[in-house]
Amino acid sequence: MSEGSIESDKEVGVALALGAVAVVGAAVMLAYPGQIGKAWGFAAAFVFATLAVGAVQLFD
């Protein structure tokens, strides 16, 4: 009987979830009519994209 470790794909799932939120933020940035809404969309896209990259590094 061989012993082995089971790898988790948690980093992929977390990165995809955070990436989806970043895409929504980018869509808000493009579609919102006012400058404040565009700024919040950019902030959300930037923060969640950074968190997605960090999640891959953290769980690796």
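Helices, meaning DSSP runs of H or I with at least four residues, and strands, meaning runs of E with at least two, are numbered here from the N terminus. By that definition, the protein has two helices and zero strands.

The model is a predicted one, where local features need pLDDT of at least 70 and side-chain atom pairs count only at pLDDT 80 or more, while totals for chains, interfaces and linings use all residues. Residues are numbered from 1 along each chain as its sequence is written, and side-chain values use heavy atoms, with hydrogens and water left out.

I begin with the overall form. Along the principal axes, the C-alpha atoms fill a box of roughly 65 × 15 × 10 Å.

How much of the protein counts as buried? The share is 17% of the 60 residues. Buried means under 20% relative accessible area, exposed means over 50%, and partly exposed lies in between, with a 1.4 Å probe and protein chains only. The accessible surface comes to about 4800 Å², and 71% of that belongs to carbon and sulfur atoms. These areas come from the Shrake-Rupley method with a 1.4 Å probe; for residues, only the protein chains shown count as cover.

Contact means heavy atoms within 4.5 Å. Among contacts between residues at least 6 apart in sequence, 53% join residues at least 24 apart.

Let us now turn to helix 1, which covers residues 10-31 and includes Glu-11. Glu-11 is buried yet has no salt bridge, and Lys-10, the nearest side chain of opposite charge, is 8.4 Å away. A salt bridge requires a side-chain nitrogen of Lys or Arg within 4 Å of a carboxyl oxygen of Asp or Glu. As for charge, Lys and Arg count as positive and Asp and Glu as negative, whereas His and the chain ends are not counted. Leaving aside residues up to four places away in sequence, Glu-11 touches Ala-55, Val-56 and Phe-59.

Val-23 also lies in helix 1. Val-23 counts as exposed because its relative accessibility is 57%. Between Val-23 and Ala-45, 22 residues apart in sequence, the C-alpha to C-alpha distance is 6.5 Å.

The loop between helix 1 and helix 2 contains Tyr-32. With a relative accessible area of 44%, Tyr-32 is partly exposed.

Finally, helix 2 spans residues 35-59 and holds Val-47. Val-47 is partly exposed, at 43% relative accessibility. The C-alpha atoms of Val-47 and Gly-25 are separated by 9.4 Å.
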